[in-house]
Amino acid sequence: MEEVENKQVILKGYVDILPNESDMEIKVSKIKLKAPKGSGAFLVKNLYLSCDPYMRGRMRKIQAANYLFLPFVPGQALEGFGVSKVIDSDNPDFKPGDLLSGFTGWEEYSLIHKTEQLRKIQAEDVPLSYHVGLLGMPGFTAYAGFFEICSPKKGEYVFVSAASGAVGQLVGQLAKLHGCYVVGSAGTNQKVDLLKNKLGFDEAFNYKEEPDLDAALKRYFSQGIDIYFDNVGGDMLDAALPNMRIHGRIAVCGAASQLGLSKPQGIHNLFNLISKSVKMEGFVQHNYLHLYPRFLEHVVGYYKQGKIVYIEDMHEGLESAPAAFVGLFSGKNVGKQVIRVASE
């Protein structure tokens, strides 16, 4: 039975603050390229791995911060969303050659027992890596959050923070396709340029160059904001609240500005929720999975018609994964951060 080396990204120990590259290490183990008989498992070769901010919560020992996911186990490989190819199988539902998207290990080869988080990838004219971005968890988060939480109407005024990221870039494009006016914020002038010139936002600004976020929002939304898709929390959320219109909606998707703070910031302007009858709701995409087929049909259709573009930040090789992941928290990525582990 063939045995090969299996490179892995290992978590060295629990992390209370923002992760550093030194919190992870590359280890090489051995793995047999065969699924054990009677196990019901199957062996995959990992092709692409997704770097996602939620994984930072799984590096903590405290489970409460981790959505519905258990913490990672120190000394073992990280796991996350990926695109994989079945090499060998003891499961009749998964055959060698099948391409899958879903949970896998941060390693070259993974033996998979749990199948509930996996989808078979049908042959489409879409890059394989898009199944961890545009057609994966971030893309579906954008779709569910915008349409289910925000209930958009044509002509409404939409603001998206972290707008060039994995989620925000699709929210803005869906809003434009829906007939909305869309403004995004990002942390570099390069990202602002992408928002306006490649992703089709009406306007965009670099929040790091704005001494007064309230004034910045008033500049771009003189009539106020109908929908705020919030990926950052903190000061930006506080500035958006007084600028919301009557019956505005705020989808709370993430709080990137608060990650790593031992004492998260408070929000001062919540009274606006009352005085303006604004709805603010947090959400996670896995509560809306019944909508995934509709999402896939819409977004693949838009992509094939050239109505949607998707920006990836592709790092090559498993060795690059720790740096790529850590870079998420300082905004180093431009677009969706992906690791190419291997080609097909």
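Start with the largest nonpolar core, which has 44 residues. Select Leu134, Phe140, Phe146, Val158, Val160 and Phe229: these touch the most other members. Keep in mind that the model is predicted.

Next, colour the elements that build this core. Helices H1 (137-149), H2 (168-177), H3 (189-197) and H7 (292-304) each supply at least two residues. So do strands E8 (157-160), E9 (181-186) and E11 (225-230). H1 gives the largest share, six residues. Nonpolar side chains tend to be buried together in soluble globular proteins.

Now centre on Phe146. Which residues is Phe146 in contact with, leaving aside neighbours within four places in sequence? Show Ser151, Pro152, Val158, Val171 and Leu174, then Ala175, His178, Cys180, Ile227 and Phe229.

**Helix H7**

Select 292-304. H7 has 13 residues and reaches 18 Å from its first C-alpha to its last, close to the 18 Å expected at 1.5 Å a residue. Show the side chains of Tyr292, Phe295, Val299 and Val300, the buried residues of H7. Why are these on the same side of H7? They cover an arc of only 110 degrees around the axis, which puts them there. An α-helix has 3.6 residues a turn, so residues three or four places apart point the same way.

Turn to the other side of H7. Pro293, Glu297 and Lys304 are exposed there. Then go back to the buried residues of H7: what covers them includes strand E7 (119-120) and H1. Step past the end of the helix to Gly306, which follows H7 and has a positive phi, near 75 degrees.

**Charges over rings**

Stay with E7, the strand at 119-120. The charged end of Arg119 sits over the ring of Tyr292, 3.5 Å from its centre. The charged end of Lys120 sits over the ring of Phe94, at 5.4 Å from the ring centre.

**Aromatic pairs**

The whole structure holds 20 aromatic pairs. Select Phe229 and Phe283 for one of them: this pair is edge-to-face, 6.1 Å centre to centre, with 75 degrees between the planes. The pair links distant parts of the chain, 54 residues apart. Phe229 is in strand E11, and Phe283 is in the loop between strand E13 (279-282) and H7.

For the last stop, select Tyr157, Phe159, Tyr181, Phe205, Tyr220, Phe221 and Tyr228. Together they form one aromatic cluster.

Technical notes:
Residues numbered from 1 in each chain as written. Predicted model: local features only at pLDDT ≥ 70, side-chain atom pairs only at ≥ 80, totals over all residues. Heavy atoms only, no water. Core = buried A, V, L, I, M, F, W, Y, C linked by side-chain atoms within 4.5 Å. Buried < 20%, exposed > 50% of the residue type's maximum accessible area, 1.4 Å probe, protein only. Helix = DSSP H or I, 4+ residues; strand = E, 2+ residues; numbered from the N terminus. Contact = heavy atoms within 4.5 Å. Expected span 1.5 Å × (residues − 1). Arc of directions from axis to C-beta. Phe/Tyr/Trp six-rings, centres within 6.5 Å; stacked < 30°, edge-to-face > 60°. Lys NZ or Arg CZ within 6 Å of the ring centre and 35° of its normal.
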